[in-house]
Amino acid sequence: MNIQKYSLAELQRIDSTHFLHPFTDHKDLRAKGARMIVRGEGPFIYDAEGNEILDGMAGLWCLNVGYGREELADAASAQMRELPFYNSFFKCTTPAPVQLSAKLAELAPPNMNQVFYGSSGSEANDTALRLVRHYWALEGKPEKNIVISRNYGYHGSTIAGASLGGMPDMHKQLGGAVPNIVHVMAPYAFDLALPGESDHDFGLRAARAVEDAILAAGADKVAAFIGEPVMGAGGVKIPPASYWPEVQRICEKYDILLMLDEVITGYGRTGEWFAATTFGIKADTITTAKALTSGYQPLSALFVGDRIAETLVEKGGEFYHGYTYAGHPVCCAVAIKNLEIIESEGLVERVRSETGPYLSEQLGKRLGGHPLVGETRSVGLMAAIEIVKDKKTRARFQPGGSAATLVRDHAIAGGLMVRVVDDTIIMAPPLIWTWETIDLACDRLVAALDLAEATLASKR
Ligand code: PXG
């Protein structure tokens, strides 16, 4: 788009007048105007004032292959010229989603051989919720329909997504959530572990909260448990190693389906194609979106495990659910090319054996000793930095979130885009980051922390 036609101030005025942004305080936006990003190249984004910013958030957990990939533009353009769209309803199909489905079945865990497409993670989770309930109805147990989810979980912003998620502010605005969803504690050791409790014990305790919820409701009433392998939007909360095996054991014991939400962790972020592999989880559904196309096109794929898929086929009858754009050929063509790039450049292996371990080490070495840093943690290229007032007691500055926001603002001004959740700084950069990019990000994080410390030291 030719922004030269407009001044930045004019674009910002039009933006705040006509564009209702997601998750935004609109009064605040009108007063201050939005940050205008105009271009991307490799790991960098550029704003309308010409600033180059290292994108520590990959767009919004999306651009695993980075910006400026001509091949993806070419794939979209070729598909648009040949067949821009045809639906996949009424026993019709098109080649691109067929090819993509075969590729996805090859990459996914062994029991995942079918996918259901949508345009977003929220839609895919809506499908997943309907599907697990439909599964139990087909199995003659329609009363088995409660889904257990977790505080801090994020599963999207449709009514089903927000109901599944564990964000109280979102629940308050729902005007009535989807019924029969129960929330349990998150495996967030930094805030929730008891004094002296080991990570291992805390992980088991957090998993057993799932069992308590099953027992409270009655196992014959519980359809499924849903969780992100690593909570993303809730603050990159990485569970202790003891957590997922115990959750798995509990789900198996009570015959509860296990739904994984890998909208953020899918396609290499944790150093495996899916975090199910990183954490050794065997799921019945896996929700994916975002990095499936590296965000170049809106597309979600819900993997449906053999157990559910076989029941759908064997018991027959129509599943009354689907979206116009399910299996959109342009989005699928871009996804195929995106997966090819991830594969041919060895990005997943690079995260697993090189950049992931290096990021973890550098965050610890260079930031861990800083007076504002309570903890650094990461898995693959997904990281969190806890900002505290007191390293020993883990007390936070007040009001909550203000200290991390200050650090974030300094980071962005210093050329590094990061996100903040409460008092946690989070990062999820493109998988093309190298050791040098990680060094640059750490330089900018240290500078931002020092600038924030200069203001915050007097408040201790
Ligand atoms: N599940 C997970 C785990 C997600 O992270 C969704 C579902 C919903 O996807 P869609 O495509 O419907 O947005 C997400 C999305 C943030 C942020 O602030 C995170 C998401 C979306 C918007 C903002 O970190 N994650």
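Let's start with a sheet. Four strands form an open, antiparallel sheet in the order β11-β12-β15-β14. A word on terms: helices (H or I, at least four residues) and strands (E, at least two) are DSSP runs, numbered from the N terminus. Two strands pair if DSSP finds at least two bridges between them. The edges are β11 (373-378) and β14 (419-421); each has a single partner strand, so one side of each has no neighbour in the sheet. On average, neighbouring strands here are turned by 20° against each other, direction ignored. Axes are lines fitted to C-alpha atoms, for helices over the stretch in contact, and angles run from 0 to 180 degrees between N-to-C directions.

Before going on, the ground rules. This is a predicted model: local features need pLDDT of at least 70, side-chain atom pairs count only at pLDDT 80 or more, and totals for chains, interfaces and linings use all residues. Residues are numbered from 1 along each chain as its sequence is written, and side-chain values use heavy atoms, with hydrogens and water left out.

Back to the strands. β11 pairs with β12 (residues 383-387) in the antiparallel sense, over five bridges. T376 has I385 in β12 as its bridge partner. The two strands make a hairpin with four residues between them. In that turn, G380 has a positive phi of about 55°.

At the other end, β14 pairs with β15 (residues 424-427), also antiparallel, over three bridges. R419 stands opposite I426 in β15. Keep R419 in mind.

Seven strands form an open sheet, β4-β10-β9-β8-β7-β5-β6, with mixed pairing. Its edge strands, β4 (112-118) and β6 (181-184), each pair on one side only. Neighbouring strands in this sheet are turned by 20° against each other on average, direction ignored. Inside the order, β8 (residues 257-261) and β9 (residues 285-288) pair in the parallel sense over three bridges. D261 stands opposite T287 in β9.

On to the ligand. Which residues come nearest to the ligand? Of the 16 residues around it, they are W61, G121, S122, D261 and R419. Near means that a heavy atom of the residue lies within 4 Å. R419 is in β14, the edge strand (419-421).

A polar side-chain atom of R419 is 2.7 Å from a ligand oxygen. A polar backbone atom of G121 is 2.9 Å from an oxygen of the ligand. A side-chain N or O atom of K290 is 3.4 Å from a ligand nitrogen.

How much of the ligand does the protein bury? Alone, the ligand exposes 530 Å², and the protein buries 84% of that (Shrake-Rupley method, 1.4 Å probe; for residues, only the protein chains shown count as cover). Two elements give two or more residues to the shell: α3 (58-61) and α6 (121-138). The largest share, three residues, comes from α6.

The shell draws at least three residues from each of domain 1 (35-65 + 346-458) and domain 2 (71-344). Those bounds come from an automatic or database domain assignment.

Most residues other than glycine have a negative phi, and most peptide bonds are trans. F90 is not a glycine, yet has a positive phi of about 50°. F90 lies in the loop between α4 (70-82) and α5 (95-107). A cis peptide bond joins Q398 and P399, with omega about -10°. P399 sits in the loop between β12 and α16 (402-413).

Definitions and conventions:
A polar contact is a pair of N or O atoms within 3.5 Å; within protein, one must be able to donate a hydrogen and the other to accept it, and residues adjacent in sequence count only if both atoms are side-chain atoms.
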